[in-house]
Amino acid sequence: MGVMGNIFDKCDFESKIFENRGIMLPSYLPEKLPFREKQIEDMVSVLSACTKGDRPTNLFIYGKPGTGKTSCTKYVINQLDEFAKKNSLRIRTIYANCRQYNSKYKVLSNVVQKLLPERDIIGYSGTFVYENLLAYCEKNQAKLIVAMDEIDKVKDLDELIYALTRANEELKKGAISIIGISNQLTFKERLDARTKSSLCEKEIVFPPYNAEELAEILRERVKMAFKKGVVDESAIKYAAAIAAQESGDARAAVMLLLRAGELAEKELLNKVTDVEVRKAKREVEEEIAIDMISTLPEQQQLVIYAISRLTFEKRGIKRFDDEHALCSGEIYDEYKKIAARFNIAPVSIRWFQEYIGELETYGIILTTNSGKGFKGQSRIIRLGLDVEKVKTALEKRFSS
DNA sequence: AATCCACAGGAAGTGCTGGGCG
DNA sequence: CGCCCAGCACTTCCTGTGGATT
């Protein structure tokens, strides 16, 4: 044996694509929040009350995912903290994600834990936690601002809001304000009337970004996250266009560009263009689809498996004019064979047809109606996804 | 032209399940 | 607590379409 290199030698620790990949991750909090000046200004004008010693009104923020709700809120309360520190004001801000803290008790104990990190309050009763909260505010004469992200995930929200608003009545010196954040626009209507009126004293809407705004946001990120000149303008434009068309979700746009960058890195390219973005988009869609397939009922999985097998076998072998078009009869036969192999009772052809229709509405398969020239009214079926990936995913599923 | 074939899709019936109600 | 009924997943049966075969 000659001189052996290290097996990690191939892994270039110096990326040719990324300058700082972390900036493209969802956890990154940007310093600039373009196109949200108005919303930030509104938040400041509400929260500025506490710098004058008053209790800020509660705030309800809503908008679709990826419209900057969380980033703006975090940014504003960080700034407020900084300002309070500089001017020695008695203001405390707390951010809690309610997906994690999804009940009144969990939220309150998390808040108290953050206020009193040295005090161990885990395992104590709700009233004990609540009293600690009051005691803290009273003792420190604190204006407390609690930002609750994904507030719709809290199971007993009415009680939580009630507890926090009632606290204000009991407190002589301190005060508590709530910032509620939600991406469900219908959520507000489900609330108790009293909860609604106290939580929604002031509302701020975060509209989705349009394509130009998304492109600007991406350019800003790319400047810091990627090496200079690596990301082509076409990639930015394309990623922005996709995200704008789908929901105006900035996080999705950033993720897409991150995936495109990782793809370019894997393929040892030195540029990221719209081609990589397109590939990244396909990759993401396929992952979602395969994920979805795994949650489908067993029978439908068998149908998809039958289609993937037949398509796989037929690749290259031309039949009629279409490359890998299938008609429902042969799929049903294959499906019955596979079902027998796995000892699963097959469904009747009638129900099989319903499955085909359902899978089509999910976008997993594509069907065209062969009006003329072939077996009367019939459906030509093909898989809308990467056949091999689907096949291996399902083989894994059924082998266990 | 009559019949067959391969298929789509409607209608009605069946057996199971889970939730509301007396 | 048992009962009943609605809803579901599915089957059986049936009608209709349009090319292929006799």
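Author: Start with the neighbours of one residue. Setting aside residues within four places in sequence, Arg-379 is in contact with Leu-326, Cys-327, Ser-328, Gln-353, Ile-356, Gly-357, Glu-360, Thr-367 and Thr-368. Contact here means heavy atoms within 4.5 Å. The model is predicted: local features need pLDDT of at least 70, side-chain atom pairs count only at pLDDT 80 or more, and totals for chains, interfaces and linings use all residues. Residues are numbered from 1 along each chain as its sequence is written, chains are lettered from A and ligands numbered from 1 in the order in which they are written, and side-chain values use heavy atoms, with hydrogens and water left out.

Reader: In which strand is Arg-379 found, and is Arg-379 buried, partly exposed or exposed?

Author: Arg-379 is found in strand β8, residues 378-383. Helices (H or I, at least four residues) and strands (E, at least two) are DSSP runs, numbered from the N terminus. As for burial, buried means under 20% relative accessible area, exposed over 50%, and partly exposed in between, with a 1.4 Å probe and protein chains only. Arg-379 has a relative accessible area of 28% and is therefore partly exposed. Its C-alpha atom is separated by 15 Å from that of Ile-304, 75 residues apart along the chain.

Reader: Thr-367 was among those neighbours. What does Thr-367 contact beyond its neighbours within four places in sequence?

Author: Thr-367 is in contact with Ile-356, Glu-360, Arg-379, Ile-380 and Ile-381, leaving aside those neighbours. Thr-367 belongs to strand β7, residues 365-370, and is buried because its relative accessible area is 17%. The side chains of Thr-367 and Glu-360 are also joined by a polar contact of 2.9 Å. A polar contact is a pair of N or O atoms within 3.5 Å; within protein, one must be able to donate a hydrogen and the other to accept it, and residues adjacent in sequence count only if both atoms are side-chain atoms.

Reader: How is the packing of two helices described?

Author: Two packed helices are described by the angle between their axes and the distance between the axes. Axes are lines fitted to C-alpha atoms, for helices over the stretch in contact, and angles run from 0 to 180 degrees between N-to-C directions. The axes of α11 (residues 298-314) and α13 (residues 349-362) come within 10 Å and cross at roughly 80 degrees. These two helices, α11 and α13, are therefore roughly perpendicular to each other. The cut-offs are under 35 degrees for roughly parallel, over 145 for roughly antiparallel, 65 to 115 for roughly perpendicular, and oblique for the rest.

Reader: Which residues make the contact of α11 with α13?

Author: From α11 come Gln-299, Gln-300, Val-303, Ile-304 and Ile-307, and from α13 come Phe-352, Tyr-355, Ile-356, Glu-358, Leu-359 and Tyr-362. By class, the contact of α11 with α13 has eight nonpolar, two polar and one charged residue. Ala, Val, Leu, Ile, Met, Phe, Trp, Tyr, Cys and Pro count as nonpolar, Asp, Glu, Lys and Arg as charged, and the others, Gly among them, as polar.

Reader: At roughly what angle do the axes of α3 and α5 cross?

Author: They cross at roughly 40 degrees and come within 9 Å. That angle makes α3 oblique to α5. Lys-104, Val-107 and Leu-108 in α3 meet Glu-159, Leu-160, Ala-163 and Leu-164 in α5. The contact of α3 with α5 has five nonpolar, no polar and two charged residues.

Reader: Which residues touch the most other members of the largest nonpolar core?

Author: A nonpolar core is a set of buried Ala, Val, Leu, Ile, Met, Phe, Trp, Tyr and Cys residues joined through side-chain atoms within 4.5 Å. The largest has 36 residues, of which Leu-133, Leu-144, Met-148 and Ile-176 touch the most other members. Elements giving two or more residues to this core are β1 (59-63), α3 (104-115), α4 (126-140), β3 (143-149), α5 (157-170) and β4 (175-182).

Reader: Where does Asn-343 lie?

Author: Asn-343 lies in the loop between α12 and α13. Its relative accessible area of 74% is why Asn-343 is exposed. Phi of Asn-343 is near 60 degrees, a positive value in a residue other than glycine.
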